[in-house]
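Here is a short briefing for a first look at this protein. Keep the sequence and the structure in view while you read.

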Amino acid sequence: MITLEQVKQNPEVKGFISGVEKQLNALGYTEHSNRHISIVSQRAGKILDVLRISKKKSRIS
């Protein structure tokens with residue numbers, strides 16, 4: 001399994017995040033880099049956990 005930390009340390013991902021951050025700053029948005037990525041990935045993980053539980057329950061029924 002790939003961890004969030006491995007993704008954040010990937011040079012290509014870092015470059016992409018840096019470019020996006022520059023564009024968002026130019027548009028007047030607040031910080032959307034690693035902090036935002038961490039929040040979104042944690043929420044996505046929770047959603048996946050719920051979906052996996054729901055899928056398992058539907059198989060049992």
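In which helix is Lys 8 found? Lys 8 sits in helix 1, which covers residues 4–9. The model shown is a predicted one. The protein has 3 helices and 0 strands. Along the sequence the pattern reads α-α-α.

**Overall surface**

- The protein has 61 residues, and 10% of them count as buried.
- Its accessible surface comes to about 5400 Å².
- Carbon and sulfur atoms account for 61% of that surface.

- Is Lys 8 buried or exposed? Lys 8 counts as buried because its relative accessibility is 15%, and buried means under 20%.
- Beyond its neighbours within four places in sequence, Lys 8 is in contact with Lys 14, Asn 34 and Ser 38.
- With one of these, Ser 38, the side chain of Lys 8 makes a polar contact of 3.2 Å.
- Lys 8 also pairs with Glu 5 in a salt bridge, at 3.9 Å from N to O.
- Both residues of that pair, Glu 5 and Lys 8, lie in helix 1. They are 3 residues apart, about one turn of the helix.
- Glu 5 is partly exposed, at a relative accessible area of 46%, whereas Lys 8 is buried.

**Helix 2**

- Helix 2 takes in residues 11–26, which makes 16 residues.
- From its first C-alpha to its last, helix 2 reaches 23 Å. That is close to the 22 Å expected at 1.5 Å a residue.
- Which residues are buried in helix 2? They are Ile 17, Glu 21 and Leu 24.
- Seen down the helix axis, the buried residues of helix 2 fall within an arc of 70 degrees, so they line one face of the helix.
- The other side of helix 2 has exposed residues: Pro 11, Glu 12, Phe 16, Lys 22, Gln 23 and Ala 26.
- At the start of helix 2, a side-chain oxygen of Asn 10 comes to within 2.8 Å of the backbone nitrogen of Glu 12.
- Just after helix 2, Gly 28 has a positive phi of about 90 degrees.

**Helix 3 and Ile 37**

- Ile 37 belongs to helix 3, residues 34–60.
- Ile 37 is partly exposed, with a relative accessible area of 23%.
- What does Ile 37 touch, not counting residues up to four places away in sequence? Ile 37 touches Leu 4 and Ile 17.
- Leu 4 is 33 residues from Ile 37 in sequence. In space, the two are 8.9 Å apart, C-alpha to C-alpha.
- Ile 17, the other contact of Ile 37, is one of the buried residues of helix 2.

**Salt bridges**

- How many salt bridges does a search of the whole structure find? The search finds 2.
- Side chains of opposite charge can pair when their charged atoms come close.
- Asp 49 forms a salt bridge with Arg 52, and the closest N and O atoms are 3.2 Å apart.
- Asp 49 and Arg 52 are 3 residues apart in helix 3, so about one helical turn separates them.
- Asp 49 is partly exposed, with a relative accessible area of 42%.
- Arg 52 is partly exposed too, at 48%.

How values were computed: Residues are numbered from 1 along each chain as its sequence is written. This is a predicted model: local features need pLDDT of at least 70, side-chain atom pairs count only at pLDDT 80 or more; totals for chains, interfaces and linings use all residues. Side-chain values use heavy atoms; hydrogens and water are left out. Helices (H or I, at least four residues) and strands (E, at least two) are DSSP runs, numbered from the N terminus. Buried means under 20% relative accessible area, exposed over 50%, partly exposed in between (1.4 Å probe, protein chains only). Accessible areas come from the Shrake-Rupley method with a 1.4 Å probe; for residues, only the protein chains shown count as cover. Contact means heavy atoms within 4.5 Å. The expected span of a helix is 1.5 Å times one less than its number of residues. The arc is that of the directions from the helix axis to the C-beta atoms. A polar contact is a pair of N or O atoms within 3.5 Å; within protein, one must be able to donate a hydrogen and the other to accept it, and residues adjacent in sequence count only if both atoms are side-chain atoms. A salt bridge is a side-chain nitrogen of Lys or Arg within 4 Å of a carboxyl oxygen of Asp or Glu.
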